[in-house]
Amino acid sequence: GSCAVVTGSADEAALVEAVVDAGFKAALASGAADEAGGARGGAPEGRGGALAAEAPASLEAVAVEISASPLPGSPIPPKAGKDSSAALLLPRSALGTSPARSKQTKKAEESGGSVTLGVGGMTCDSCRTGVERCLAAQPGVTSAAVSLMGRRALVSFDPSLVSPAKLAEAVQSLGFDATVIDDGESPLSAGPLSSSALSREALSWRRQFLGSLVFSVPVFVIAMALPVDTFGGGEALPGLPWRTLLLWLLVTPVQFGFGCQFYRRAFRALSHGSSNMDVLVALGSSAAYGYSVVTVAVAVSYGEEGGGQACFETASMLITFILLGKYLEASAKRKTSEALSKLVSLVPPTALLCPPGSLPGAGGDDGDEAARSVPVADLRTGDVVQVPPGAQLPVDGEVVHGSSEVNEHMVTGEPVPVPKAEGAQVIGGTLNCSGALWVRVGAVGNETVLAKIMKVVSDAQMRRPDVQAFADRISSVFVPAVVALALLTWASWAALLSLELLPDLSMHGWHRASSLAFMFGCAVLVIACPCAMGLATPTAVMVGTGVGAERGILFKGGDVLEAASRVTAVVFDKTGTLTSCKLRVVDAAPWLPGLTRAQLLELAGSAESASEHPIGKAIAAHARAQGLRVAAPECYRACAGYGLTCRVGASEVLLGNREWLGRHGVSLSAAQEAQVAPLEAEGKTIVLAARDGQLAGAVTLADTLKPEAAAVLSQLREMGVQLWICSGDNERTVRHLAQQLGVANFTACVSPSGKAEKVAALQAVGEVVAMVGDGINDAPALAQADLGVAIGGGTDVAIETADVVLLNSDLGGVAVALHLARAVMRRIRLNFVWAFGYNIVGLPLAAGLFYPAYQIHLPPMFAGAAMALSSVSVVCSSLLLRCYRPPKLPRHCAAQLDGAASTRASVEV
């Protein structure tokens, strides 16, 4: 939920009605008066954005709770899987924490809690399922979500029944590492997903592999390379050759030393009613070792030959190959999160803190000597830091002195350095190129833009696409099925050979039927790999979201990538999305007798002085630039997508479009329609003004298309996507824009709820719809759409409601987002083909299906190597996404390709 704190003398019921008119749920929040103290000068929500009205401190404040969900009984159905309260706030100007958000946090602490646990040691989807099931079974836990690649668990719980420490202990009881990640820590800089933790894991597997290799290399040489009589053919005991005894002594440290971890995790998994890859490794190596010990024991007991038929080398080489695979897999996984780890390294560890009065011209010579180096963690809001040329900005904030160019490519994907001067906002982690800057700290810690980006990217790993559900179902029964298949293989071969049903079968050196049957059964046990299936989706999602973040595109989950890959129709908002939103007043026509042009602008500028909507801001700024007196409005009420009513001095003022004025009984004459029609046909926006119930005049504004708009829409058309423009502007203006862009489908004069209804109508005919917008009036449509895409310069509500956030205002990110999502889903499908194909081919080969006819078999040690490398191959396949190249936008514009679109355009008004 969201909360708007409004100051002024307006009626509370009218405020709620205004929000409802905009297409949202609204109700007076309890304890509104308590919030009022910190809300003076706040920003009431209004037409298309936040309405900031200055009010005397004596005025009463009221808090209105707003929901982005459709109203009850609305024709807009709620969208499954959407959480309108998802925490994503990436404002360009407001970098602080809102009072409403603090209130929500306080309420969450009172009614319940949530904690993030770092979980290490998960190797496959069965591990993830086991951890999730264990956490869900704890008393007081209401929900638990575990990410295999993110190595985190997000748990909601009742603090009166269970503590975070108890939850971590529950995970540790399964044999996994578990730590509580503090709220102040970034998931990418703390816990098992941090770069240092991933490096330590890879080094740990490397040390274990090299340690086992010290024993396994001699074992391999003795068992496979040297002749049987190398040690003179003597026996240490009757039936126990020296060669077999030496192999036994070399293999035992590997089996119970380096292989101990597999036993430990397998035991804990089985004790909690689950099974994973560790169970298969422990069973396979134990079977080989146990079979060899029993063979030797029988031979020694009876004093017969046969001790030489032991297969100790199988157990040793199996564990060594598994450790090698784990090392390679950990190294590859570290690379999958490399793009995310780069985000952490963007912020420097220290900053140059300037004491008060040390700015150039404020008591210091040049500000250099007074600045001292302090840890970034020690900075507080309001501090001033110095950023020399060539240094990275340590915090978000406002430039208070100096000018320079800042390279924001690493955060927003914008390749061209952005000029910065006094009053400009800067983002921590970006690079100061030319001149020195003095920056007042505006946000620190988790409130910075970079921290929020990292949180969104890390949280994306918690949301799995639907395609993963199929793999989850298979993984849940995979291990028991493989154990059963291994037993069936051993029993079948033992029966066939003991009954001599295969008399022509050559044993090729295996003189005992039991040995051959055991080898086939053991090979089946160790070749089957659930890990490859479990890693197919999360590795691709992690690499894909990281690649997107590098290009200034934030996907909020794996399910979002899946939805984006299926999009068949894209609906664009107009103002601020397709246009540059640099509106300027080009004309003002007074129609009321005795009203001058200056008076009309003064009236409109005063009425719009509280507005944060681009149109309102442009009108108010123009009035001020003309030197006109702009007064604060009273009794302000705005209706998103239509207009506003207020009182300016002694006059009742209406400002907005035709429908808004028509609701209040004001209409245009034929002559006035003839005057504005040509302007609207040129794509200009007309704002009508009425004073005391009489039409006072019209203010004309002009905007320009974004330079990349035509090329981006042409690219989307080539991708087979249907295009729509949906705007609250008049029909003539929207038609002109559509003709410029070559878009055949558009709707005009629609309210915020009307945009959502249009999206719902497209969904009703089978389209998978993406909505692209930037304003609060786009939030209902963003929530309704299968995929909501918010432009980075948009309002907080739009960004919070959307599934994909573009960190800059370049429309090219829309095409790249859809193209990247399709590439990720193709890679996931390819990973599944490889994972399933490996098991489909490997299991019959290991079971000896081809041995009778072609003498082809797979020894257990090499079956274990194949199992380990299958996981590595899937991770490496996902890593190929790092080579992703976005589509090149066409140089020609869509209007040139579809010049006849204007003659066949379908219009809905």
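Here is a short note on the predicted model above, going from the whole chain to single residues.

1. **Ground rules.** Because this is a predicted model, local features need pLDDT of at least 70 and side-chain atom pairs count only at pLDDT 80 or more, while totals for chains, interfaces and linings use all residues. Residues are numbered from 1 along each chain as its sequence is written, and side-chain values use heavy atoms, with hydrogens and water left out.

2. **The whole protein.** There are 31 helices and 34 strands (DSSP runs numbered from the N terminus: H or I of at least four residues for helices, E of at least two for strands). Of the 909 residues, 53% are buried (buried is under 20% relative accessible area, exposed is over 50%, and partly exposed lies in between, with a 1.4 Å probe and protein chains only). The protein exposes about 36400 Å², and carbon and sulfur atoms supply 58% of that area (Shrake-Rupley method, 1.4 Å probe; for residues, only the protein chains shown count as cover). Among contacts between residues at least 6 apart in sequence, 73% join residues at least 24 apart (a contact is heavy atoms within 4.5 Å).

3. Inside the order, strand 15 (residues 396–402) and strand 20 (residues 437–443) run antiparallel and are joined by six bridges.

4. **Helix 5 and its cover.** Leu167, Ala168, Ala170 and Val171 are buried in helix 5 (residues 164–172). Viewed down the axis of helix 5, the buried residues fall within an arc of 155°, so they line one face of the helix (the arc is that of the directions from the helix axis to the C-beta atoms). Their cover includes strand 6 (113–120), helix 4 (125–136), strand 7 (141–147), strand 8 (152–157) and strand 9 (177–181).

5. **A nonpolar surface patch.** Val217, Phe220, Val221, Met224, Leu226 and Phe862 form a nonpolar patch on the surface, with about 460 Å² of accessible area together. Patch members have over 30% relative accessible area and no salt bridge; like charges are joined within 9 Å and nonpolar side chains (Val, Leu, Ile, Met, Phe, Trp, Tyr) within 5 Å. A salt bridge here is a side-chain nitrogen of Lys or Arg within 4 Å of a carboxyl oxygen of Asp or Glu. Helix 6 (residues 195–225) gives the most to the patch, with four residues. Met224 lies in helix 6 and is partly exposed, at a relative accessible area of 44%.

6. **Asp459.** This residue of helix 13 (residues 449–460) is partly exposed, with a relative accessible area of 23%. Leaving out residues up to four places away in sequence, Asp459 touches Arg152 and Lys556. Asp459 and Lys556 are 97 residues apart in sequence, yet 7.0 Å apart in space, C-alpha to C-alpha.

7. His622, in helix 19 (residues 614–625), is buried at a relative accessible area of 17%. Not counting residues up to four places away in sequence, His622 touches Val585, Arg597 and Leu601. Ser651 belongs to strand 26 (residues 651–656) and is buried too, with 15% relative accessible area. Setting aside neighbours within four places in sequence, Ser651 is in contact with Cys646, Arg691 and Asp692.

Note on methods. Pairing = 2+ DSSP bridges.
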